[in-house]
Each structure stands twice: as C-alpha cells, then as structure tokens.
Amino acid sequence: MLNRLRAVEWVGDRDHVLARVMSRRVLMREYLRRAALWAREYVVESAWPFFDVTEYVDPGFRLSPEAVAELEAYLDRVPGPELRETCAGAVRLAVLRERNPAALPDLPDLYEPLVLFYERGGEFVRDDAGGLDLTGVSFRPGTPQGNLATPAFQALDGTVLDALDARGRVSYYAHCAADGNRALLVRRRVVRGGRHDEVFGPDLRWEPTDRLPETEEAIASAGLVLLDEIAAAGLIGAATTCRGAPA
C-alpha cells in the first residue's frame, strides 16, 4: 500500500486529471459511502469522512518502528491533513488486515476507492463552502446518513473506470427489456455544443451509434431509461466480467 501511495502524483498535469473527472467523482462517492458504513460500525460519525479507522478497529494496534519511520517520511511529502490522515489509515489498515484479518468487520475495504482516486489524479481540497474540489468538479460530501443511501459501486476495475471518463456533459441510457433486465448501454456526450452518441460495445469500448433518438420523449418511447453514473458503471462492470469469464 505504501508503495502504491508513493507513486501518486499529488499535483499532476491538469489535463490528465480533467480527463478522469468522472471516475474520480464516482470513486469519491464510493469512499464516502464506505466511510459512513465504517463510522456507523464503530459509532464515530463525528470523525467522518476522512479518518484513520484503525484506532477504532484496534486501539492497541501499532506499526513496527521501521514501518513508522517509513510512513512518517512519506507523509511529510503529502499535501494537506486529510490526505495525510487517509494515507496513514490506508497503510495501517492494510498492515492490520495482514496481521489479524479476524479483527476487521465484514465491510468493504474502506480506503481502496480513495487510493484509486489518488492514483487517478492526486489530491482533493476543501473549498470555502465546505465542498470538495476534485479538480474539474465541485463535490458536496453531505452527511454520513445521506451517504449510507448512496448506491454501492463495486466495479473498481481499471477498464470500468476508464470507460466512465469522457469529455463533455454525459447522459447514460439503457434499454429496459420486458423482464426488467437492462442491456445496450448508450450515452450522449455534449462537448462545446456538439453531440456524440455512443454505445458500449462488445470490445469493451465506446463506439458511435445511431440508436439514440433525438429527443427525450423519443428516447423514453424507445424503451430507454436514464441512468446515473453508478448504474452505468455497474453495467460496464457486468460486461467486463462476462467478457473476462472463462468459456
């Protein structure tokens, strides 16, 4: 975990970060949801959202002196107290999991979405209104209770995250069959007034399509339903899993 964090460019190329705005927003949403689950588990909602959970999981847990020295040397180069707190938490929780996995609750890994967020573009900062500046998009963290209701995002695969990233304003749609199953994921991107309609194809990439009608009324009449980015990511993840499954 420490080696992964060492590779993060905290203040990287802005164009590189802006190209990953959508996946980073989804990853932050998922981190906030998981942080709310862990905060509820240990009744520490006041510490939410950016905290080192190991002190609540196992108050007696300690890293070795050598590991402490390595971690502290690394944290000296990390900008911002919330970034340092979560990086320390990610490293400490990873070590605790190796030493004593039975000590951990049956909850999704707390820090993985946030570490992926860091790997895909570096830092976030708090703005003057209490929001999170994710570079290219402002994000309101909400409350622990509100984030518990956020749909889970389990598809933390690089292919899925890359497929979420796109320039412009994006709307996702899927065809809803009579049995309730969804297939044929399409999106409409509007970039500087230009419209780009695309379908997520069998090669696990977006391709131009003419299957998306012109108006919202026609879209609904065609049996296409509007999806949020989490639901779209779920369909991308399902397609990726099916493609990677053995015959």
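Helices here are DSSP runs of H or I with at least four residues, numbered from the N terminus. By that count, Tyr31 lies in helix H3. The model shown is predicted.

**Figure 1. The whole chain holds 11 helices and eight strands.**
The C-alpha trace spans about 60 × 40 × 35 Å along its principal axes. The chain has 247 residues and a radius of gyration of 20 Å. A compact globule of that length would have a radius near 18 Å, so the two values agree. Buried residues make up 44% of the 247 residues. Among contacts with a separation of 6 or more, 67% join residues 24 or more positions apart.

**Figure 2. Tyr31 sits buried in helix H3.**
Tyr31 belongs to H3. The relative accessible area of Tyr31 is 0%, under the 20% cut-off, so this residue counts as buried. Beyond its neighbours within four places in sequence, Tyr31 is in contact with Pro49, Phe50, Phe51, Thr86, Leu110, Tyr111, Pro113 and Leu114.

**Figure 3. Helix H7 is mostly covered.**
Six of the eight residues of H7 are buried. They are Pro113, Leu114, Val115, Leu116, Phe117 and Tyr118. The cover over these buried residues includes helix H1 (2–6), helix H3 (21–41), H6 and helix H9 (158–164). Just after H7 comes Gly121, with a positive phi of about 160°.

**Figure 4. H3 packs against H7.**
The axes of H3 and H7 come within 8 Å. They cross at roughly 155°. That angle is over 145 degrees, so H3 is roughly antiparallel to H7. The crossing is left-handed. From H3, the contact uses Arg24, Leu27, Met28, Glu30, Tyr31 and Arg34. From H7, it uses Pro113, Leu114, Leu116 and Phe117. By class, the residues of the contact of H3 with H7 are seven nonpolar, no polar and three charged.

**Figure 5. H6 crosses H7 at roughly 125°.**
Helix H6 covers residues 81–99, and helix H7 covers residues 112–119. Their axes come within 10 Å. H6 and H7 are therefore oblique to each other. The crossing of H6 and H7 is left-handed. H6 brings Glu82, Leu83, Thr86, Cys87 and Ala90 to the contact. H7 brings Leu114, Val115 and Tyr118. The contact of H6 with H7 has six nonpolar residues, one polar and one charged.

**Figure 6. H5 packs on H6 at about 155°.**
Helix H5 runs over residues 65–75. The axes of H5 and H6 are 10 Å apart. The angle makes H5 roughly antiparallel to H6, which means it passes the cut-off of 145 degrees. H5 passes H6 in a right-handed crossing. Leu71, Tyr74 and Leu75 of H5 meet Arg84, Cys87, Ala88 and Val91 of H6. The contact of H5 with H6 divides into six nonpolar, no polar and one charged residues.

**Figure 7. The peptide bond from Trp48 to Pro49 is cis.**
Most peptide bonds are trans. The bond from Trp48 to Pro49 has omega near 10°. Pro49 is in the loop between H3 and helix H4 (54–57). Pro49 is also one of the residues in contact with Tyr31.

**Figure 8. Thr135 has a positive phi in a loop.**
Most residues other than glycine have a negative phi. Thr135 is not a glycine, yet its phi is positive, about 70°. The loop that holds Thr135 lies between strand S2 (132–133) and strand S3 (138–139). Is Thr135 buried or exposed? Thr135 has 18% relative accessibility, so it counts as buried.

**Figure 9. Arg192 also has a positive phi.**
Arg192 is not a glycine either, and its phi is about 50°. Where is Arg192 found? Arg192 lies in the loop between strand S5 (182–191) and strand S6 (194–200). The relative accessible area of Arg192 is 88%. That is over the 50% cut-off, so Arg192 is exposed.

Conventions
Residues are numbered from 1 along each chain as its sequence is written. This is a predicted model: local features need pLDDT of at least 70, side-chain atom pairs count only at pLDDT 80 or more; totals for chains, interfaces and linings use all residues. Side-chain values use heavy atoms; hydrogens and water are left out. Axes are lines fitted to C-alpha atoms, for helices over the stretch in contact, and angles run from 0 to 180 degrees between N-to-C directions. Helices (H or I, at least four residues) and strands (E, at least two) are DSSP runs, numbered from the N terminus. Angles under 35 degrees count as roughly parallel, over 145 as roughly antiparallel, 65 to 115 as roughly perpendicular and the rest as oblique. A crossing is left-handed if the near helix is turned anticlockwise from the far one by less than a right angle, and right-handed if clockwise. Contact means heavy atoms within 4.5 Å. Ala, Val, Leu, Ile, Met, Phe, Trp, Tyr, Cys and Pro count as nonpolar, Asp, Glu, Lys and Arg as charged, and the others, Gly among them, as polar. Buried means under 20% relative accessible area, exposed over 50%, partly exposed in between (1.4 Å probe, protein chains only). The radius of gyration is taken over C-alpha atoms; the globule rule is 2.2 Å times the number of residues to the power 0.38.
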